[in-house]
Amino acid sequence: MHELGDFPPGTVWLVGAGPGDPELLTRKAERLIGAADAVFHDALVGPGVLDFASPSARLVYVGKRSGRHSRDQASIDRLIVEAALAGCRVVRLKGGDPAIFGRATEELEACRAMGVPVRICPGVTAASAAAADLGLSLTLRGAARRLTLVTAHVRAGEALKLDWLALADPRATLAIYMGKAAASEVASELMNAGLAGDTPVALVENASLPGSRRFLTRLDLLPLAARTALGRGPAVILVGASLRGSKSGLPDDGDDSAQCRTIAPRSAPDSGAKPWSAAAARTNSREF
Ligand SMILES: C[S@@+](CC[C@H](N)C(=O)[O-])C[C@H]1O[C@@H](n2cnc3c(N)ncnc32)[C@H](O)[C@@H]1O
């Protein structure tokens, strides 16, 4: 049994809950969740993860999904700090990795400002889980030397201002978080900045969870794919040559990770207009 020397009363851990599958929690995350007196958790914390909490722990939902916020960030910061100052062992449980698009800085600063010791336990981020579901690598030797994580989320009424020229790098993989609503803008901006319309794109919804859905398409069809194929679950959009896979293509059809649908142009000739490998095109493909 761990001594909990790293989790005395009155301290806070920002813990990565991973993408949803409880088996993707780190052992450290499981231990911290089990030791917490209070767990403040997000909307994207997968079912099953909270089962590791002690029956006596106070579980507080502080989720925020697409504008439907249960609490604003300042209230969340205050709740965590108050619980720690009251002598609780506090876990702030966040989907994926707490330090990736997770408002971790605000929570770290709020704790430090009040003298509350706070630490981070990393988690598996959505892009990694999406690549695993696809059976693909996010980098590809010689073809994708850089991985960029970017959010396409903007506040209501704000324009999406990104450095499109830098993002439209054909030798990089782009992982776009919170990109469903802006898919059309993302595709046109990347193409205007020079990225080819047939650049491979994957959309993965509910990565790592039993209801995971995966689609392979191309950049010029991203708006259609995001509009027609995705449901209401969280989704990550991957863009780049690494999605073509290795020379041997995607995994065999018998492998669960190959269960993707391809979204291709009606007239996609075999001349190379399809961005994905022949193996991918074999899998349960369908034309729009
Ligand atoms: C506020 S961000 C949090 C990201 C999280 N900290 C991480 O490292 O994965 C929420 C976005 O992450 C992505 N996301 C989180 N969980 C996901 C999942 N299981 N499958 C696909 N995308 C996911 C979606 O783009 C979602 O809109």
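User: Against which strands do the buried residues of α4 pack?

Analyst: They pack against β8 (146–151), β9 (172–177), β10, β11 (213–218) and β12. Packing is read from contacts, meaning C-beta atoms, placed from the backbone, within 7 Å. A word on the source: this is a predicted model, in which local features need pLDDT of at least 70 and side-chain atom pairs count only at pLDDT 80 or more, while totals for chains, interfaces and linings use all residues. Residues are numbered from 1 along each chain as its sequence is written.

User: What makes α4 largely enclosed by the rest of the structure?

Analyst: A residue is buried if 20 or more other C-beta atoms lie within 10 Å of its own, exposed if 12 or fewer, and partly exposed in between. Nine of the nine residues of α4 are buried, so the helix is largely enclosed. Among them are Ala126, Ser128, Asp133 and Leu134. Just after α4, Gly135 takes a positive phi of about 70°.

User: And why is β9 called largely enclosed?

Analyst: Five of the six residues of β9 are buried, so the rest of the structure largely encloses this strand too.

User: How do you know that β9 pairs with β8 and β12?

Analyst: Pairing requires at least two bridges found by DSSP between two strands. β8 and β9 run parallel and are joined by six bridges, with Leu147 opposite Thr173. β9 and β12 are antiparallel, with four bridges, and Leu174 is partnered by Val239. Both pairs therefore pass the threshold of at least two bridges.

User: What makes the largest nonpolar core a core, and where does it lie?

Analyst: Such a core is a set of buried Ala, Val, Leu, Ile, Met, Phe, Trp, Tyr and Cys residues joined through C-beta atoms within 7 Å. The largest has 77 residues, and those with the most contacts inside it include Ile33, Ala130 and Val236. α4 gives the most to this core, with seven residues. Domain 1 (12–121) and domain 2 (126–287) both contribute residues, so the core lies between them. These bounds come from an automatic or database domain assignment.

User: Why is the ligand placed between the two domains?

Analyst: Both domains give residues to the shell around the ligand, so it lies between them. The shell has 25 residues, and the closest include Gly96, Thr125 and Ala126. Near means a C-beta atom, placed from the backbone, within 6 Å. α4 supplies the largest share, three residues.

How values were computed: Contact = placed C-beta atoms within 7 Å.
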